[in-house]
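Let's take a walk through a protein together. Have a look at the model below, and then we will go from its overall plan to its inside and its surface.

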Amino acid sequence: MKYLILLLTMTLTVGCSMRDIVTADSPTEQQFDLNDNDKDGVIVARERCLDTVIGAGIDNYGCPTISEINERQELEILFENDSDHINTRFYQQIEEVADLMKLYPNTVVTIEGHCSKTGTYEHNLTLSQARADNVVNVLVDTFNIDRSRLTAIGYSYDQPIDLSGTPEANEANRRVIAEVTGDDQRTDMKWHIYTVDQ
């Protein structure tokens with residue numbers, strides 16, 4: 001057993017002493033570009049999408065993650081009973097729709113007008129159409145949105161959100177909805193610790 005251990009030790013010693021030694025006298029040539037020119041966290045060697053928007057959510061190849069635009073937003077515009085008048089205090093909500101349309105110029109918007117179930121169907125159909133038309137007019141006249149990108153539809157009381165028949169339900173059913181659709185796409189943005197400072 002002693003001879004076996006001695007033989008194994010000699011073999012390892014001789015084997016280790018015969019290793020080739022590599023010196024680092026000359027610089028090693030880098031085969032891949034390890035820079036991150038667009039600062040998205042993906043090196044150039046793997047990058048498939050150059051010039052990614054800073055802060056965009058990306059995949060493993062540096063390409064931004066994209067979402068189709070298809071939003072349905074209920075505007076909290078309160079209408080008086082049997083009225084299509086929009087108080088200017090609600091213009092800020094309409095401006096948010098206008099800002100989205102300006103940001104994505106290929107989008108179109110359908111404005112839906114709705115009524116409570118008081119009065120005749122025909123009267124409420126006319127009233128709900130007038131409410132939708134007035135929102136469109138504010139988008140065009142106040143926020144300079146091209147009328148060709150806007151559609152107004154009145155639904156009378158066909159699509160209530162509260163069927164209880166209470167005064168609160170009637171108020172909730174007198175509403176306007178903006179549906180934004182289009183072939184524009186938006187880049188999903190990721191939040192990071194510095195977002196609040198930008």
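Predicted model: local features only at pLDDT ≥ 70, side-chain atom pairs only at ≥ 80, totals over all residues.

Residues are numbered from 1 along each chain as its sequence is written, and side-chain values use heavy atoms, leaving out hydrogens and water. The protein chain has an average pLDDT (the predictor's confidence in each residue, from 0 to 100) of 79, and 79% of the residues score at least 70.

Now for the overall plan. The protein chain has 4 helices and 4 strands (DSSP runs of H or I with at least four residues, and of E with at least two, numbered from the N terminus). Along the sequence, they follow the pattern α-β-α-β-α-β-α-β.

What lies inside? Of the 198 residues, 31% are buried, meaning under 20% relative accessible area with a 1.4 Å probe, protein chains only. The largest nonpolar core has 26 residues, among which Ile111, Val135 and Leu139 touch the most other members; such a core is a set of buried Ala, Val, Leu, Ile, Met, Phe, Trp, Tyr and Cys residues joined through side-chain atoms within 4.5 Å. Helix H3 gives the most to this core, with 6 residues. Beyond four places in sequence, Leu139 is in contact (heavy atoms within 4.5 Å) with residues including Ile94, Val97 and Ile111.

Finally, let's visit the outside. Leu4 sits in helix H1, residues 2–17, and counts as exposed because its relative accessibility is 56%, where exposed means over 50%.
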